[in-house]
Amino acid sequence: PGPVFYHDGRIGLNEQGFGMIKFRTMRADAEAQQEELERENEAEGALFKIKDDPRITRVGQFLRRFSLDEIPQVLNVLRGEMSLVGPRPLPVRDVGRFNDPRLMRRFSMRPGLTCLWQISGRSRLGFDQWIALDLQYIDTWSLRLDLAILLKTGPAVIRGDGAM
């Protein structure tokens, strides 16, 4: 029960906030439970991830495995808040925990539906690897790189590589 869509505050280009749209994959009261689950956080750095998060529904597990929960973000792309390729937008909570000002450089580009970390291991990667890939993408951006990432995203998603 609950809404089909989930709207979450994210930080995008030039540190501007926007409401990212996803299919809801967790129970409707999931946000209220996050604080009590913080001690079970398995991610390093500013991220929050729990492999077997008890808030995720069975349908949500399927949606997440194949990144189907991300499909509504096409609306964010059409509104100009996101791009097809770019650093993934982080929740406001996670950005607020950045302790290195150099990390803010990731907001010099529009966030994307897919990125280098998506095709390089997804949730298997630690925070430092994730950020390093974001900064590498920013430093080496080209249309050729975007096309390569787009071509590799489909197979990575179908295989469920690193999905959590």
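Among contacts in the protein (heavy atoms within 4.5 Å) between residues at least 6 apart in sequence, 69% join residues at least 24 apart. The model is predicted, so local features need pLDDT of at least 70 and side-chain atom pairs count only at pLDDT 80 or more, while totals for chains, interfaces and linings use all residues. Residues are numbered from 1 along each chain as its sequence is written, and side-chain values use heavy atoms, with hydrogens and water left out.

The protein has six helices and five strands. Both are DSSP runs numbered from the N terminus: helices are H or I with at least four residues, strands are E with at least two. From the N terminus on, the order of elements is β-β-α-α-α-β-β-α-β-α-α. Along the principal axes, the C-alpha atoms fill a box of roughly 40 × 35 × 30 Å. The radius of gyration is 15 Å, which agrees with the value near 15 Å for a compact globule of 164 residues. This radius is taken over C-alpha atoms, and the globule rule is 2.2 Å times the number of residues to the power 0.38.

Buried residues make up 45% of the 164 residues. Buried means under 20% relative accessible area, exposed over 50%, and partly exposed in between (1.4 Å probe, protein chains only). The largest nonpolar core has 23 residues. Such a core is a set of buried Ala, Val, Leu, Ile, Met, Phe, Trp, Tyr and Cys residues joined through side-chain atoms within 4.5 Å. Phe98, Phe127 and Tyr137 have the most contacts inside the largest core. H5 and H6 each supply at least two residues of this core. H5 gives the most, with seven residues. Phenylalanine 98 touches Ala46, Leu90, Leu103, Met104, Arg106, Phe107, Phe127 and Ile131, not counting residues up to four places away in sequence.

Helix H6 covers residues 143-159. Its 17 residues should span 24 Å at 1.5 Å a residue, and the end C-alpha atoms are 25 Å apart, which agrees. The expected span is 1.5 Å times one less than the number of residues. H6 bends by about 30° at threonine 153, and proline 155 follows within four residues. The bend is the angle between axes fitted to the seven residues ending there and the seven starting there. Leu145, Asp146, Ile149, Thr153, Ala156 and Val157 of H6 are buried. The buried residues of H6 pack against helix H2 (58-65), strand E3 (83-85), strand E5 (112-114) and helix H5 (127-140). Glycine 160 follows H6, with a positive phi near 70°.
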